Amino acid sequence: IKLKICTACKLVKYCSVDCQKNHRPKHKKTCKKRAAELRDNKLFRQPDESYLGECPICYLPLSLDWRKWYYHSCCSKRICDGCGYANVLREREAGIKPRCPYCREPLPYTDEEIQKNTMKRAKANNPIALLQVGKKCYDEGNYEEAIQNFTKAAKLGDIESHYNLSVMYRLGEGVEKDKKKEMHHLEEASIGGHPIARYNLGLHEWRDGRLERAVKHFIIAAKLGMDGALDAVTKRFERGFVSKDDYEAALRGHQAALDATKSQQRDAAERDGGSLICQI
């Protein structure tokens, strides 16, 4: 007999669904406790990097500052300004037409071309392209389609879509306000390395009086490089809610996250004119 494990707590196995239902009254309390412990272990684990990941060319972490990387609609990749700038210089020196530094496709020059590329990638179920389509629908006030695209992208693993869904469920945009769904998507985004989602979770915990959990969230967000989260840790350290060791660890982690996104190539792009990069 192939036993079925309890998917919530992973502690008990059953020979059938009927067996599981019969045991549920006795198992329910233990199951919920263990499931909460497993969830917290996952929730409070420090991510290796932010949800943006690495530039696919130089393999350095992308900055949380969206002005320092570029979304390319042709391949749905986020390319850092350093690699984009180096590509522009190389093309100018060689006298060749601008192309995407990753997939080498010709760069689009109009919004229509960009939208066409994005829709093509979205139809192929690319999560970042679906995210972009969802953002466009949201900006146009088409919340129903925004929800659909964000939900699809989130199921495919896009972390920013989880965050966007948490906002829409909180505000009731295109859906009924739902605190449970808001928190679910905030947690999923936090686990995936979204610092603003993590910071918002900390605010929820702080308002509800769970100060220790709130501080943990702020520290994790600070170590991802979020300035606002570091400010929150600093204020709570000054008020005695954060230990000296934890505060110093947050400072070191924050600086390490910022340093990891730096390179000579990126510095040159910022210094000499990243605006030369012909892409949105």
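Q: Which residue follows α4, and is its phi positive or negative?
A: First, a convention. Helices are DSSP runs of H or I with at least four residues, strands are runs of E with at least two, and both are numbered from the N terminus. G141 comes after α4, and its phi is positive, near 85°. Keep the source in mind: this is a predicted model, where local features need pLDDT of at least 70 and side-chain atom pairs count only at pLDDT 80 or more, while totals for chains, interfaces and linings use all residues. Residues are numbered from 1 along each chain as its sequence is written, and side-chain values use heavy atoms, with hydrogens and water left out.

Q: What span should α4 have, and how far apart are its end C-alpha atoms?
A: The expected span of a helix is 1.5 Å times one less than its number of residues. Helix α4 covers residues 127-139, 13 residues, so it should span 18 Å. Its end C-alpha atoms are 18 Å apart, which agrees.

Q: What does a side-chain oxygen of N126 reach at the start of α4?
A: Look for a polar contact. That is a pair of N or O atoms within 3.5 Å; within protein, one must be able to donate a hydrogen and the other to accept it, and residues adjacent in sequence count only if both atoms are side-chain atoms. Here the oxygen of N126 comes to within 3.0 Å of the backbone nitrogen of I128.

Q: Which residues of α4 are buried, and what do they pack against?
A: In α4 the buried set is I128, A129, L130, L131, V133, G134 and C137. Packing is read from contacts, meaning heavy atoms within 4.5 Å. The buried residues of α4 pack against β3 (69-72), β4 (77-80), α3 (111-123), α5 (143-155) and α6 (159-171).

Q: How do β3 and β4 run, and how many bridges join them?
A: Two strands pair if DSSP finds at least two bridges between them. β3 and β4 run antiparallel, joined by 4 bridges. W69 stands opposite C80 in β4. W69 and Y71 point one way from β3, Y70 and H72 the other way, and all are buried.

Q: Where does S76 lie, and is S76 buried or exposed?
A: S76 sits in the loop between β3 and β4. S76 has a relative accessible area of 2%, so it is buried. Skipping residues up to four places away in sequence, S76 touches Y71, R121, N126, I128 and A129.

Q: How many salt bridges does a search of the whole structure find?
A: Side chains of opposite charge can pair when their charged atoms come close. The test for a salt bridge is a side-chain nitrogen of Lys or Arg within 4 Å of a carboxyl oxygen of Asp or Glu. The search finds 14. One of them joins K68 and E270, with the closest N and O atoms 3.9 Å apart. K68 lies in the loop between α1 (17-43) and β3, and E270 in helix α12 (residues 264-272), so the pair ties together parts that are 202 residues apart in sequence. K68 is partly exposed at 30%; E270 is exposed at 54%.

Q: Which residue forms a salt bridge with E205, and is E205 buried or exposed?
A: R210 is the partner, and the closest N and O atoms are 2.4 Å apart. E205 counts as buried at 7% relative accessibility, while R210 is partly exposed at 40%. The pair belongs to a network of salt bridges linking D40, E205, D208, R210 and R213.

Conventions
Buried means under 20% relative accessible area, exposed over 50%, partly exposed in between (1.4 Å probe, protein chains only).
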